Structures are given as C-alpha cells and as structure tokens.
Amino acid sequence: MKSIVRFLAVAALSLVALCSCGDNKNNETVTEQALPGFFAIVDDLSNNATAVYSDLSYSVRLNYDKMEATVQISGLKLPDGTSYPTMTLPGLTWNVDKQGWRVIKGSAVTPSITGFATTPLFTNFELKLYDRVFDFSGTPIYSPGACVRYTIDSRYRVLSTFSPQVLYGETESVSASGKEFESEGVEYVVSYNTDTRKLAISMNNARFEQGMPMALNIDLKNIDVTVTGSSLEFNVPSITPSIGDIPFTAFPITNLRGSFAPGDGLKFSFHCAPGTTDEEYDVTVDCGFNDLPSL
C-alpha cells in the first residue's frame, strides 16, 4: 500500500488540512484535502440578481494513478433562496498546469445529492489550487491560492474562494522627479467582506523610495468592486488610507485601480502625494501566488 502523510501547523492563516492514503484493494495513490471557510459570489444570469454567501466548504479527493477527481461541496445557496445539501461531484479530471496549479475540471456533471427534490446540473466546473507554505517565525503556515468557478443549470454562475489571502510580488514606484524604486518585500493581505461586498488591501512593510526613514503599514478599506469573470475589479478616484483604525490623511491616494483574481494574483496601481514631502509617486503592484518572500 502506498501512503503519503503531510502535517502542517494550524494558525490564523492556515485554512486547509491535508491527508493522503493508499487504497488497499488496488494500491492506487489517493489524496484527500479539506477546504473550509470559503465564500461564494453567486450571479443569477437570468435576472442579474447577485448574492454572497459565507461558510462554504469543499473536499477534494484526487486519484494520482488515474488522474481522476471527486469534489464535495457543502453550504451552497442560490439568490432565489435555494439551499443545497452536501453535493458530491464525481468523474472529474485533473492535472498540474505550467504554473504549478492543480486544476480540476468537469462539464455536464450530475452531482450525487440526497434529500433534495431536483438534482442540479453543473454545466461546467473548475477548481484551481496552488500549494504555498510560509515560514512565519519558525511556524509553517499553509496559505494556498484557491479559486473555484462553476455554472449550475446554465443559469447560476459561482465564484468562490476564501478570505483573507496573502500575496507578495513586485512593487514599483516612480517619483515626479524621475526616481525609480522597486521592492519585493511588501506583504499584501487581501480581504473580502461578505456583508458589505467590499474589498480591503493591507500593504505591510511598504516603501516607495530608497532611503525612506521607515516602512509603512497601510490599510485601504471599503473598496468598491465589480465581479468580472473570475476577478474582483476596482477603480476608485480617491481614497484615504489608514494605519490601524486611524485615517492617514497625510498620504492621500488617487486613481486606485486594479483587480484581484483568486486563481491568478493581485495587480493594481495608484498615485500618492504625501503631505510630508514635495515628491509624488506613481505606484504599480504585481503579485502572483508563486511569488514567495525571502525570509
């Protein structure tokens, strides 16, 4: 019997428990993975109604010998008030793409469901999962990239992921006087509020010019977003950042625009004119899930 067992520490950002086991009968290698704490943005394509739900969970079972997958969904609801019991989607296929994401797909999938009058049809289904383990002060934290997209009965379109998510990447700034600066040490924490349907971005350890006396921890809160396909897009004329709960009025930000795609990354840009200096800055941020910090 083949057997693979992985243990990861559970902490604030740890969202997934992993276990793997072999099949005694056919000696096939199978892994099972639980994905709790997801939310879902559900669009009714027939009338443009949208609802947002929290507390969804997914369970993924992968057969490595047959490259087959089974996904279980719990907690799914629809804008018309329909609440589904736990559903199991069999007969899915999976592979690993060039970027290292595990991609699970299926079309015209009829789930296994009990205690429900009408069985829905998953017109299409895709779950992408990218494993990442961060080392925070000697503690391994599992914080994957994850994106689940599917359409039910050719009518309900679902985008599902979890919040918050941590990303790293390139932060580039150009000052009005032409000074260029690039940093890869900024931590971006992206959070989506399912009650307000607004996004928040925390920029931790941010610097915009060589020789800045101190790095900044800045929060951008209550960002209006538009769901387009598999991304949350935003375009905000002006916003006042905060440090903690205190407005940081000396650092006004304008022309904030970009997108967060749970299956891709975070990209945005903005202009800032700090009141503490004569300089102004144009900042661009490009974070992918495979951009890991140098700790």
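**Figure 1. Glu32 and its partner Arg61.** With a relative accessibility of 31%, Glu32 counts as partly exposed. In this predicted model, Glu32 forms a salt bridge with Arg61, and their closest N and O atoms are 2.2 Å apart. Glu32 belongs to strand S2 (residues 29-44) and Arg61 to strand S3 (residues 49-63), so this pair ties together parts that are 29 residues apart in sequence. Arg61, for its part, counts as partly exposed at 33% relative accessibility.

**Figure 2. Arg157 meets Asp43.** Here is another salt bridge to look for: the closest N and O atoms of Arg157 and Asp43 are 3.5 Å apart. Distant parts of the chain are linked by this pair, with Arg157 in strand S11 (residues 156-162) and Asp43 in strand S2, 114 residues apart. Is Asp43 buried or exposed? Asp43 is buried, as its relative accessible area is 12%. Arg157 counts as partly exposed, at 37% relative accessibility.

Figure 3. Lys105 forms a salt bridge with Glu126, and 3.8 Å separates their closest N and O atoms. Lys105 sits in strand S6 (residues 102-109) and Glu126 in strand S7 (residues 122-130), which places these linked parts of the chain 21 residues apart. Lys105 is partly exposed, with a relative accessible area of 45%, whereas Glu126 is buried at 15%. Follow the partners onward and you reach Arg149: salt bridges that share partners join Lys105, Glu126 and Arg149 into one network.

**Figure 4. The wider picture.** How many salt bridges does the structure hold? There are nine, including the Glu32 and Arg61 pair from the opening view.

Conventions
Residues numbered from 1 in each chain as written. Predicted model: local features only at pLDDT ≥ 70, side-chain atom pairs only at ≥ 80, totals over all residues. Heavy atoms only, no water. Salt bridge = Lys/Arg side-chain N within 4 Å of Asp/Glu carboxyl O. Helix = DSSP H or I, 4+ residues; strand = E, 2+ residues; numbered from the N terminus. Buried < 20%, exposed > 50% of the residue type's maximum accessible area, 1.4 Å probe, protein only.
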